[in-house]
Amino acid sequence: MNVRTLGSACVVVGLAVAGVRADVIEQVLVKINGEILTKTDVEQLQVTALRANNPNVTEADLQNDAALRKMLDEVTPRVIVNAIDEMLLVQRGRELGLKMSDEQFNGILANIRKENKLDTEEKFQAALKQEGLSIPGLRKAFEKQMLINRVQQQDVFSRISISEEESRAYFDAHKEEFLTNESVTLRELFVRAATTSPAEGPSAAQAAMEAAREKAAQLRQRVLKEDFGTVAGEVSDAASKANGGLIGPLGVDELNPDIQKVLATLKVGQVSEPLDAGNGYRLLKLDVRVPRKQATFEEARDQIADKVFNQRRAGEVLKYLGRLRAQAIIEWKSPTLKAAFETGVVAAAKALAEETARLQAQDAAK
């Protein structure tokens with residue numbers, strides 16, 4: 001993680017102030033199990049969300065009441081839902097006794113220094129200052145994210161069980177996902193045509209290509225008797241010369257259609273006729289062909305578990321957050337913010353339902 005990315009992450013959790021008016025009067029907007037979210041906290045998160053949605057937003061935009069109101073109406077429901085959900089997850093992490101050790105945090109700092117080549121304390125402190133960050137702020141941000149991740153892993157992900165029946169149903173409906181496409185490993189030998197200038201005219205370029213074709217044809221006779229890789233290593237003009245002309249394995253469906261047609265006529269060990277490469281001619285030898293293969297259920301079992309898990313994780317997290325919200329004591333001091341929160345909860349559930357329906361429709365169309 002670089003320092004700039006780190007700075008963005010910390011701003012998201014409200015550790016840096018960006019464009020918030022200095023004359024804001026501190027005001028508690030909501031209490032979540034006794035922990036407060038203030039007007040300053042919310043405005044910091046709103047400004048960050050505005051800039052994430054529109055990197056080109058200016059201070060003038062933030063001072064334009066009509067424009068600002070429209071943008072805030074768009075981002076505030078998501079902002080307040082995320083803020084409260086994060087607080088609930090962090091509170092749950094503290095209940096479980098989770099915390100970041102000095103050793104863990106020092107390891108994170110060491111990685112930041114290494115990745116950003118901040119080899120002196122002066123450089124490190126200067127980078128933090130540039131991003132508007134501090135060591136305590138960094139620790140708070142990383143510990144917060146650690147708690148959120150650990151709680152989700154312990155209370156949600158570890159409890160997602162995938163039955164044999166569910167796995168087999170997924171496999172039967174998505175067999176194409178476990179189909180290995182045909183692949184080939186090739187050897188190439190490239191003869192580059194001599195460079196000609198526009199002043200020499202098209203006939204000179206044509207003659208150069210013809211000479212390259214003739215040389216490639218002669219080399220083809222040679223590689224039919226000698227080791228292709230050895231010859232390619234001696235005379236090829238391609239970068240693959242260093243590897244004896246070896247290229248691949250390559251998915252056949254990713255190759256140029258003309259190359260696919262040529263390979264379809266070759267058996268393993270055979271060499272193509274000289275092929276026009278635009279700036280010369282090449283020979284191709286088919287070294288290995290691996291045909292398309294349908295994986296069995298047993299072979300695909302681990303992949304299936306991952307795919308089913310990823311499909312279910314968002315829904316399970318949303319249900320878990322719903323339970324945390326229902327168990328929490330949330331005291332609203334702002335009816336407007338409460339309404340935004342309720343709108344955000346409905347929008348999140350709707351988005352998940354739409355995505356689930358989209359995936360189901362895709363499956364039905366297969």
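Contact here means heavy atoms within 4.5 Å. Axes are lines fitted to C-alpha atoms, for helices over the stretch in contact, with angles from 0 to 180 degrees between N-to-C directions. Helices (H or I, at least four residues) and strands (E, at least two) are DSSP runs, numbered from the N terminus. This is a predicted model, in which local features need pLDDT of at least 70, side-chain atom pairs count only at pLDDT 80 or more, and totals for chains, interfaces and linings use all residues. Residues are numbered from 1 along each chain as its sequence is written, and side-chain values use heavy atoms, with hydrogens and water left out.

**View 1. The three-stranded sheet β2-β1-β9.** The sheet is open and its pairing antiparallel; two strands pair if DSSP finds at least two bridges between them. β2 (35-38) and β9 (330-332) are the edge strands with a single partner each, so one side of each lacks a neighbour in the sheet. Neighbouring strands are turned by 20 degrees against each other on average, direction ignored. Strand β1 (residues 28-32) is joined to β9 by three bridges. Val30 faces Trp332 in β9. Helix α2 (residues 39-53) packs on this sheet, touching β1 and β2, at about 60 degrees to β2. α4 lies across β1, β2 and β9, at about 155 degrees to β2.

**View 2. Helix α4 and its bend.** α4 covers residues 65-95; at 1.5 Å a residue its 31 residues should span 45 Å, and the end C-alpha atoms are 42 Å apart, which agrees. That expected span is 1.5 Å times one less than the number of residues. The helix bends by about 40 degrees at Val75, and Pro77 follows within four residues. The bend is the angle between axes fitted to the seven residues ending there and the seven starting there. After α4 comes Gly97, with a positive phi near 80 degrees.

**View 3. The four-stranded sheet β5-β4-β7-β6.** This open sheet is antiparallel in its pairing. β5 (246-251) and β6 (275-276) stand at the edges with a single partner strand each, so one side of each has no neighbour in the sheet. Four bridges pair β4 (residues 183-192) with β5. Val184 has Leu250 in β5 as its bridge partner. Helix α9 (residues 201-223) packs on the sheet, touching β4, β6 and β7 (280-290), at about 35 degrees to β7.

**View 4. The buried face of α8.** In α8 (residues 164-173), Ser167, Tyr170 and Phe171 are buried, meaning under 20% relative accessible area, with exposed over 50% and partly exposed in between (1.4 Å probe, protein chains only). Glu165 and Asp172 are exposed on the face turned away. Cover for the buried residues includes β8 (293-294) and α12 (297-327).
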